[in-house]
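Here is a brief report on a protein model with DNA. Please look over the sequence and the structure first.

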Amino acid sequence: MPVLPPKMLHDWNLSPKDAIALQKQLAPRVEPGDRIAPVRHIAGVDIGFEDGGATTRAAVVVLRWEPTSAPVLEVVEQVVYREPTRMPYVPGLLSFRETPAALGAFARLATVPELVMVDGQGIAHPRRLGVASLLGLWLDVPTIGVAKSRLCGRHADVGEARGDSTPLEDKGETIGTVLRSRTRVKPLYVSTGHRVSQATALEWVVRCLHRTKLPEPTRLADRLASRRDAPGRR
DNA sequence: GCGACAG
DNA sequence: ATCTTGTCGC
């Protein structure tokens, strides 16, 4: 059940005005409740750029999840996909710049993850449709937005201890959670992407936290998407 | 009109 | 996001 005409994948060129209208049109389709199959595999997605921004590089890393007393997070597959950059970065319209490449990477994935963590906002967005939400809608898969900084909304100061959190609010509604993933390190902005409740989103991010600021799925994808010595680099 | 502003 | 060396810490 494609959300948009497949043709748009190739002609994905919207004016800021049309892009905003499309976000408003799609936002109501985001499912803020849990509709997740038993989680066996979790994917992390992130986008990087090469050639001074001319090339967009999407990276997806799939980890096997085993819910034992000492949780297992093992990499089982990873994909790097490149394509010419289509649009410039515009605050609030990031999804139109990054989603096409992310879809290209997912199309080349053999494993089908039950949960996806995206580097960026979910519904913690001015029109409640960040990159994690759009990708989730398009793939019809549960997604969680894990951003490294704030796009919109306000929040109280977060405790300094690892695990401390406080709600992120905007226009009278709670749109996410600000989480201190590591002591004395800038907090993470966790929000529902699609088909995952806020509480569940936070639980999964905490579960996937190892010793770094970012949860494993996003950390590994981030590394694959940004490292200068990434596979295929000249 | 003046700031704020994911990656 | 990306451009960049060393340096502090586990």
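The report below covers the DNA contacts, the strand pairing and an annotated site.

## Basis

This is a predicted model.

## Contacts with DNA strand B

DNA strand B is surrounded by 18 residues. Y89, G92, K148, S149 and R150 are the closest. By class, seven residues of the surface near DNA strand B are nonpolar, six are polar and five are charged. Helix α3 (residues 94–107) gives the most to this surface, namely three residues.

Some contacts can be named atom by atom. Y89 places a side-chain N or O atom 2.5 Å from a phosphate oxygen of DNA strand B.

Is strand β1 enclosed or open to the outside? Strand β1 covers residues 41–50, and nine of its 10 residues are buried, so the rest of the structure largely encloses it.

Strand β1 pairs with β2 (residues 55–66) in the antiparallel sense, through 10 bridges. V45 has V60 as its bridge partner in β2. The hairpin of β1 and β2 has four residues between the strands. There, D51 takes a positive phi near 50°.

Strand β1 also pairs with β4 (residues 115–119). This pairing is parallel and runs over four bridges. In β4, M117 is the bridge partner of G44.

As a general point, side chains in a regular strand alternate between the two faces of the sheet.

## The annotated site

Which residues does UniProt list for "binding site"? The unreviewed entry lists D46 and D119. They span 74 residues in sequence, yet no two of their C-alpha atoms are more than 5.5 Å apart, so they gather at one spot. Both D46 and D119 are included in the lining of the largest cavity.

D46 lies in strand β1. Is D46 buried or exposed? Its relative accessibility is 6%, so D46 counts as buried; the cut-off for buried is under 20%.

How values were computed
Residues numbered from 1 in each chain as written. Chains lettered and ligands numbered in written order. Predicted model: local features only at pLDDT ≥ 70, side-chain atom pairs only at ≥ 80, totals over all residues. Heavy atoms only, no water. Near = heavy atom within 4 Å. Polar contact = N/O pair within 3.5 Å; in protein donor to acceptor, adjacent residues only side chain to side chain. Helix = DSSP H or I, 4+ residues; strand = E, 2+ residues; numbered from the N terminus. Nonpolar A, V, L, I, M, F, W, Y, C, P; charged D, E, K, R; others polar. Buried < 20%, exposed > 50% of the residue type's maximum accessible area, 1.4 Å probe, protein only. Pairing = 2+ DSSP bridges. UniProt positions renumbered as here; feature names shortened; annotations may be inferred. 1 Å grid on protein atoms, 1.4 Å probe; cavity = no way out; pocket = protein on both sides within 12 Å on 5 of 7 lines; lining within 4 Å.
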